[in-house]
Amino acid sequence: MLPPEYIDELAALQDEVPPAEWEQARAVIEAELGPIDEQFDSFDTAAISGASLGQVYQAQLHSETVAARDDDDVREVAVKVRRPDIEELVEADLRVIRWSLPLILFFVDESRAFSLENLADEFSKTIREEMDYEREAEMLAEIRGNFAGDDRYRIPAVIESHSGPRVLTMERIPGTKINDVAELERKGIDRSTIAENLQWAYMQMIMDDGVFHADPHPGNLAVTDEGRIVFYDFGMSGRVDDFVREKIIEFYIAVANQDIDGILDALIEIGTLSPDADRGVMAEVMEIAIQDARGEDVEQYRVNQIVGQIEDSIYVFPFRLPKNLALVLRVATVVEGVCVTLDEDFDFIETATDYLTEQGYREETARKYAAETAGQIRRSGESLTRIAPKFERTLDRLDRDDLYVRVGVEDSGNVFDQLAKRLIYGMLLTMALFSMGVLYALEAPWAAVVAAIFAFVLSIQLYRTFRESRSIQAKPQFTRQNLRQRQREK
């Protein structure tokens, strides 16, 4: 949604934030671990990376510490230190969000309000977890165990003896930043393979393991000279419950089969798509998304046409963000950006299909579908045997003039509710305006002001009941198209 200039500037927040003063960071380290000289053989006081919540230093462990570890012989380490006094800054930011949210929600529709509230809650929870380095160490160790023996990936080991709530010491694994395409090319690393392995890793984390690294921006991903993907910074990590995992699997299988109805059903069941959305329009949206995921060019006029259809046919914004999906959707979008940077023709659907097939998900789904179909046929047969007697009883009641038909009026668009609101607000506004005039004539200015304020509030409420859906005021963009356009401009 942002112009390239803004994106380039914000990308600096990945790992280039100016670090805090060394003496401040030293105070945090020594408060957690004790004197630095006693804990480390050497310590480089110049931070190698700085982010919004923490900064990272290089160090070496004492030989005795290395010898005491029986699981590996790590000596070169990275020491992640929480920024001094960052807690107060974060809490101040969260208070601003909490106080601003009611005002913002007043001006947006129900679906956007639902998403914004969930996003604010999830952000508050996630950023507090991200400042807890003991939790990060636990998540890192668990994910590292899930990838043990897979030589496509490197995940740092945690040095528990040198870690605490505000300091995390882990194995230092050097590598080339994953979006440094020129350097990867110079080293002869196959970028398409890296993109495929990256998507494969996140599908395993989300669909198989249920625990995932949730911050896959280029500052947290690197590639070794051997072509292995290195994951850094597990502060933002999440878990996926069984229901969400099942629905995500159903979604990916529908995408692999290019089953548009299946995709829409999965999105509705998981809560990201409103059940009231126009399925015809949303089917066209999904067709464009699949075309883009396959690396094909998307015609811009078709995108504009569909956006217009959405604005014309759907009053409520169709997409919603459930609380338990915020991190998963973040991962999906950021990983897509990284993969497309590595290989602009990368085919997400082909890679997902290969993964689902190899892991047996498609075969399992086919067996489940066959079993459900057999059950439906059996139930249909049973129903057919009961239709004839019921039909005969209905004809008998009709013959005796003993048949009643109940009719219900369906109002899925809440038309009656809207009309009632308009009628009530209109009557109250008329009374308020009349009262304002009378009070002013009776020389009661303060009472007239109160009546005027009341009338103003009612006018806003009445206006909102007539408000039309508005344009998103943004040029539709797809990752590949935007990337290619920027490359042409360069």
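1. The model is predicted, so local features need pLDDT of at least 70, side-chain atom pairs count only at pLDDT 80 or more, and totals for chains, interfaces and linings use all residues. Residues are numbered from 1 along each chain as its sequence is written, and side-chain values use heavy atoms, without hydrogens and water.

2. Start with the largest nonpolar core, which has 70 residues. Such a core is a set of buried Ala, Val, Leu, Ile, Met, Phe, Trp, Tyr and Cys residues joined through side-chain atoms within 4.5 Å. Buried means under 20% relative accessible area (1.4 Å probe, protein chains only). Leu198, Phe212, Phe231 and Ile248 touch the most other members.

3. Where does this core lie? Domain 1 (4-173) and domain 2 (174-359) both give residues to the core, so it lies between them. The domain bounds come from an automatic or database domain assignment.

4. Look next at Leu198. Leaving aside neighbours within four places in sequence, Leu198 is in contact (heavy atoms within 4.5 Å) with residues including Ile178, Leu221 and Phe231.

5. Now take helices H5 (residues 86-106) and H6 (residues 110-130). Helices are DSSP runs (H or I, at least four residues), numbered from the N terminus. The two axes come within 11 Å and cross at roughly 170 degrees. Axes are lines fitted to C-alpha atoms over the stretch in contact, and angles run from 0 to 180 degrees between N-to-C directions. H5 is therefore roughly antiparallel to H6, a term for angles over 145 degrees. Val90 and Leu94 of H5 are among the contact residues, as are Leu116 and Phe123 of H6.

Conventions
Buried means under 20% relative accessible area, exposed over 50%, partly exposed in between (1.4 Å probe, protein chains only). Helices (H or I, at least four residues) and strands (E, at least two) are DSSP runs, numbered from the N terminus. Angles under 35 degrees count as roughly parallel, over 145 as roughly antiparallel, 65 to 115 as roughly perpendicular and the rest as oblique.
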